[in-house]
Amino acid sequence: MSGIYIHIPFCRKACSYCDFHFSTSLNEKTNVLNAILKEITLRKKYLSTNQLDSIYFGGGTPSILSEQDLGLIINHLSKYFFWQKKIEITLEANPDDISPLKLKQWTSLGINRLSIGVQSFNDEELKWMNRAHNSSESISSVKIAQDLGFDNISIDLIYGSKFQTISSWDLTLQQAISLNTQHISSYNLTIEKSTALGLKNNRGLEPSVCDDLSSQQFLLLSEKLGQADFIQYEISNFGKKDFFAVHNTNYWLQKNYMGIGPSAHSFNGFSRQWNLKNNLFYVNALKNNTDFFVLENLSLKNRYNEYVLTRLRTIWGCNEIEINQLFGLDILAHFKKVATEKKEFFEIKKNIYTLNKSGQLQADGIASDLFLL
Ligand code: SF4
């Protein structure tokens, strides 16, 4: 089974911290949509199967699209692919786009999971982030979606900003839990150089993230959501039983996926490819039948490094038997040697290595120690 990601590269406003590919101008929308349809046709054989268990509309802000635009993409996909019975079709939606009318349209298109960009319940912080919504819109958007029958909703939250103390983060978590959603994704604020926040930080106008404070907030996140019956199945992702995100889980378990649209990534087990990260370049390349992506064939070493990087972040962990089958005995010996040197960061059960809480706090560093250079 495989999944398809569709990148919709448009947003109403540029959030101050955002490093994703998007444009706040909708001028190219029709051209981008036509290019997306053409890319789907060209790549209908990219996946080893035409059976889909997930479709994920991400961005950018896919909820900005009209019912007709989304319908066009879904109908086009259905010409080449079959939906598995329990397919998950996710739409990333911003609270200011959610209305009873839109929700009904999304349901009629088959969208059965919403990932709502709440980010914070503090209006001052939302303004600082340059989000297009306030906290009461976030709360009512979740409630309206629930009232209209959406029973698979995720919300996104960010911690680590200068607005969050431990006690305000605690209140944020209580508020999030009280919304009774099935899933929460929560990420530490990262200040990327090219963003508005990064530029201000570089000029000394915004503080850097305090690592100690964000580590404490991460531990609180993990504890409070655990008490509320969320399972931390990936470092930043928490789902109630039976509500882990199918699409993201496939990605973390190295299953194949195809990314469509500007900047989207694809993976077929042996190579990875990235579409052009510029709307005009992407559109023109598809129009002129020139290369619209960059491809990297993955060596055994690359594949092992990716396995370690993604698996270490999950409850499924790194499995000795799998490492041996996929990468061979020498690489397994390397993995075991480094993991043994770092055993205080691991829980090891039945040949499976997962990170404990202190390990999760430095997952990227531990993964890079395990990499093959
Ligand atoms: S809405 Fe999402 S993709 Fe768009 S700028 Fe904000 S964080 Fe980035």
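**Reading aromatic pairs**

Me: Is Tyr233 buried or exposed?

Reply: In this predicted model, Tyr233 is buried, with a relative accessible area of 0%.

Me: What describes a pair of aromatic rings?

Reply: Two values do: the distance of the centres and the angle of the planes. In this structure, Tyr233 and Trp252 form such a pair, with 5.8 Å centre to centre and 70° between the planes. Planes over 60 degrees apart count as edge-to-face, so the pair of Tyr233 and Trp252 is edge-to-face.

Me: Which parts does the pair of Tyr233 and Trp252 tie together?

Reply: Tyr233 belongs to strand S7 (residues 231-234) and Trp252 to helix H9 (residues 246-252), so the pair ties together parts that are 19 residues apart in sequence. Trp252 counts as buried, at 7% relative accessibility.

Me: Which aromatic pair does Phe346 form?

Reply: Phe346 pairs with Tyr353, edge-to-face, at 5.8 Å centre to centre and with 85° between the planes. Both of these residues, Phe346 and Tyr353, are buried.

Me: How many aromatic pairs does the structure hold?

Reply: There are 16 aromatic pairs. Pairs can also link up: Tyr233, Phe244, Tyr251, Trp252, Tyr257, Phe267 and Trp316 are joined by ring pairs into a cluster.

Conventions
Residues numbered from 1 in each chain as written. Predicted model: local features only at pLDDT ≥ 70, side-chain atom pairs only at ≥ 80, totals over all residues. Heavy atoms only, no water. Phe/Tyr/Trp six-rings, centres within 6.5 Å; stacked < 30°, edge-to-face > 60°. Helix = DSSP H or I, 4+ residues; strand = E, 2+ residues; numbered from the N terminus. Buried < 20%, exposed > 50% of the residue type's maximum accessible area, 1.4 Å probe, protein only.
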